[in-house]
There are 2 protein chains.
Amino acid sequence: MPAETSQARRFGKTRAAQAQALLEDYAELIADLLACDGEARPTDIARRLGVSHATAIKTIGRLKREGLATSLPYRGVFLTPAGEALANKVRTRHRLVVAVLIAIGVPAEAAEQDAEGIEHHISPATLRAFSAFLKQYAGGAP
Amino acid sequence: MPAETSQARRFGKTRAAQAQALLEDYAELIADLLACDGEARPTDIARRLGVSHATAIKTIGRLKREGLATSLPYRGVFLTPAGEALANKVRTRHRLVVAVLIAIGVPAEAAEQDAEGIEHHISPATLRAFSAFLKQYAGGAP
DNA sequence: ACCAATATGTAGCCTGTGCTACAATTTGGT
DNA sequence: ACCAAATTGTAGCACAGGCTACATATTGGT
């Protein structure tokens, strides 16, 4: 297997991760809105994400196509069990990334900003390492 | 300033970072090829990135439009000073991210893979923190 | 010198994610 | 009950990045 193959595979994975990233963000936000407000309306989603409501509605359509969300016209958006699971995974991972960045010494504001982009590229192996690191760090310097 | 504004701004920044990410990858790879082989041919770039040569050529066109690269037909691609500067920045940042991940305990292979996606979302503040963390880590456990 | 293989470039299409503009529905105030 | 405002949905466009197919140029072997 030539050397460039592994690099190409890495780039390909990185590209594929971007496609999933938007769905993850939407799922997390919808779960957040449902928990806080009891409903997730397209307009609120759009405002929180900084996109037009038309864009939000189209992406919600993609969530529905992929079996992550359901919605009835004029009745808000809800998550399927798969969507809930994704949202939980994303939320947990997001918090972990922020915590690790802060533990390393990144200012809180930058940690929040960067985690938004970083979190979608964290593999399970890295996630485990982050978790272990946090435990050790908390034990060493409480 | 309402709470959703800052979240929207974060998402917007994250989206904008994705547009820059491809250019960064190309610049880094072109610099690498120039250093190793003395030339950077579209076909090699395409193979290393795992895309078709047509895609590579189109993206090279974008690099040229943005003043990062030059090329003459059938004569390979070269970086402008701006392109070189970008490549250097990216290479340094990439190594730093990998080093930090490994220091935290991420397996080397996962560190390489994840760094590919992570590195484009590292702000200057986080970069400084990473650098400082590495120094401290090297001092504490050599 | 020539022809085949390789490399490069061009054209046209698809998908995803954005947007604006317009249409339709629901909600709320009077 | 009704009209205005807000919300939701739809249509059509642009751009980026991916692809295949085809056209052109260069290189190298005989």
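A cavity is a set of grid points where a 1.4 Å probe fits but cannot get out. The views below show such spaces in a predicted model.

**Figure 1. Cavities in the whole structure.** A search of the whole structure turns up two cavities of 30 Å³ or more.

**Figure 2. Close-up of the lining of the largest cavity.** Both chains contribute residues to this lining. From chain A come A:V97, A:V100, A:L101, A:I104, A:I118 and A:F130. Chain B supplies B:V97, B:V100, B:L101, B:I104, B:I118 and B:F130. The elements that give two or more residues to the lining are α4 (81–104) of chain A and α4 (81–104) of chain B. By class, the lining of the largest cavity has 12 nonpolar residues, with no polar and no charged ones.

**Figure 3. Close-up of the lining of the second largest cavity.** From chain A, the residues lining this cavity are A:A17, A:Q18, A:A21, A:E116, A:G117, A:H120 and A:H121. By class, the lining of the second largest cavity has two nonpolar, seven polar and one charged residues.

**Figure 4. Elements and domains around the second largest cavity.** At least two lining residues come from each of α1 (3–37) and α5 (108–118) of chain A, and from α1 (3–37) of chain B. The largest share, three residues, belongs to α1(A). In chain A, domain 1 (3–80) and domain 2 (85–140) each provide at least three residues of the lining.

Figure 5. The secondary structure of chain A consists of six helices and two strands. Along the sequence, these elements follow the pattern α-α-α-β-β-α-α-α. The C-alpha atoms of chain A fill a box of roughly 50 × 45 × 25 Å along the principal axes.

**Figure 6. Burial, contacts and surface of chain A.** Of the 142 residues in chain A, 46% are buried. Among contacts in chain A between residues at least 6 apart in sequence, 53% join residues at least 24 apart. Chain A has an accessible surface of about 7300 Å², and carbon and sulfur atoms account for 58% of this surface.

Note on methods. Residues numbered from 1 in each chain as written. Chains lettered and ligands numbered in written order. Predicted model: local features only at pLDDT ≥ 70, side-chain atom pairs only at ≥ 80, totals over all residues. Heavy atoms only, no water. 1 Å grid on protein atoms, 1.4 Å probe; cavity = no way out; pocket = protein on both sides within 12 Å on 5 of 7 lines; lining within 4 Å. Points joined across faces, edges and corners; volume = space filled by probe spheres on them. Helix = DSSP H or I, 4+ residues; strand = E, 2+ residues; numbered from the N terminus. Nonpolar A, V, L, I, M, F, W, Y, C, P; charged D, E, K, R; others polar. Domains from an automatic or database assignment. Buried < 20%, exposed > 50% of the residue type's maximum accessible area, 1.4 Å probe, protein only. Contact = heavy atoms within 4.5 Å. Areas by Shrake-Rupley, 256 points an atom, 1.4 Å probe, with all protein chains shown as cover.
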